Amino acid sequence: MSATLERPPRTQDVGTGRVVWFTGLSGAGKSTLAAALHTELATRGVAVELLDGDAVRENLSKGLGFSREDRDTNVRRIAFVAGLLARHGVTVLVSAISPYADTRREVLSALPDTLEVFVDAPLDVVTTRDVKGLYLKAIAGEIQHFTGVSDPYEAPQTPDLHLRTDQISVQDGVQALLRALGEG
């Protein structure tokens, strides 16, 4: 199977939320999986909130660029909001590229009951999924500081869950996520 659980699943304490942090390249399927999981958890009566990287960048981090410092600031802001929600019993689904491993480790270590999910698809697959053509523009040098092309993406070495979205369906991914959360 292409979904592998690297660590034992964690369970949610009563009164304490948890944070599921989806990381991966643009187009890997982070938002798709997070939205599908959100729907499933909400249907089950779980208090759940989705923090999508694009929406957060537009509403909370507007004005930030794509330098390492700005990307790290964006990730820290997302983590701050996720932590506030989790402390109030909410399961928070964060869908953000969060390209730098040390910054991810920093924010995840400060959050309660986290599950790091590496949403993985090869560059050729995410390029074909890119309806805006941003990868092709970045490869052609028309876009600078594009994660996975002209800026690094540092994949997690030991994620809690590694989902190869070029090999599994969204529903299979959601089932793996539910099992990892002790909800399956």
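A residue is called buried when its relative accessible area is under 20%, exposed when it is over 50%, and partly exposed in between (1.4 Å probe, protein chains only). With that in hand, Lys137, at 37% relative accessibility, counts as partly exposed.

Welcome to this predicted model, in which local features need pLDDT of at least 70, side-chain atom pairs count only at pLDDT 80 or more, and totals for chains, interfaces and linings use all residues. Residues are numbered from 1 along each chain as its sequence is written, and side-chain values use heavy atoms, with hydrogens and water left out.

Helices (H or I, at least four residues) and strands (E, at least two) are DSSP runs, numbered from the N terminus. Contact, or touching, means heavy atoms within 4.5 Å.

**Two packed helices: α1 and α7**

- Two packed helices are described by the angle between their axes and the distance between the axes.
- Helix α1 (residues 30–43) packs against helix α7 (residues 170–180) at an angle of about 60 degrees, and their axes lie 9 Å apart.
- That angle makes α1 oblique to α7; angles under 35 degrees count as roughly parallel, over 145 as roughly antiparallel, 65 to 115 as roughly perpendicular, and the rest as oblique.
- Here the axes are lines fitted to C-alpha atoms, for helices over the stretch in contact, and angles run from 0 to 180 degrees between N-to-C directions.
- On the α1 side, Thr32, Leu33, Ala36, Leu37, Glu40 and Leu41 meet Val170, Gly173, Val174, Leu177 and Leu178 of α7.
- The residues of this contact between α1 and α7 divide into 8 nonpolar, 2 polar and 1 charged (Ala, Val, Leu, Ile, Met, Phe, Trp, Tyr, Cys and Pro count as nonpolar, Asp, Glu, Lys and Arg as charged, and the others, Gly among them, as polar).

**The two sides of helix α4**

- Ala101, Thr103, Arg104, Val107 and Leu108 are buried in helix α4 (residues 101–110).
- Seen down the axis of α4, these buried residues fall within an arc of 160 degrees, so they line one face of the helix; the arc is that of the directions from the helix axis to the C-beta atoms.
- Turned away from the buried side of α4 is a face with the exposed residues Arg105, Ser109 and Ala110.
- The cover over the buried residues of α4 includes β2 (18–23), α3 (68–86) and β5 (114–120).
- One of the residues in α4 is Thr103, which is buried with a relative accessible area of 3%.
- Not counting residues up to four places away in sequence, Thr103 touches Arg68, Asp72, Val75 and Arg76.

**The loop between β4 and α4**

- Ile97 sits in the loop between β4 (91–95) and α4, and is partly exposed at 26% relative accessible area.
- Although 22 residues separate Ile97 from Val75 along the chain, their C-alpha atoms are 8.8 Å apart.
- Ser98 is also found in the loop between β4 and α4, and is buried, with a relative accessible area of 4%.
- Leaving aside neighbours within four places in sequence, Ser98 is in contact with Trp21, Thr23, Val75, Arg104 and Tyr153.

- Glu116 belongs to strand β5 and is buried, with a relative accessible area of 10%.
- Beyond residues up to four places away in sequence, Glu116 touches several others, including Trp21, Thr23, Arg104 and Leu108.
- Lys137 has its place in helix α6 (residues 134–139).
- Leaving aside neighbours within four places in sequence, Lys137 is in contact with Lys132, Glu142 and Ile143.
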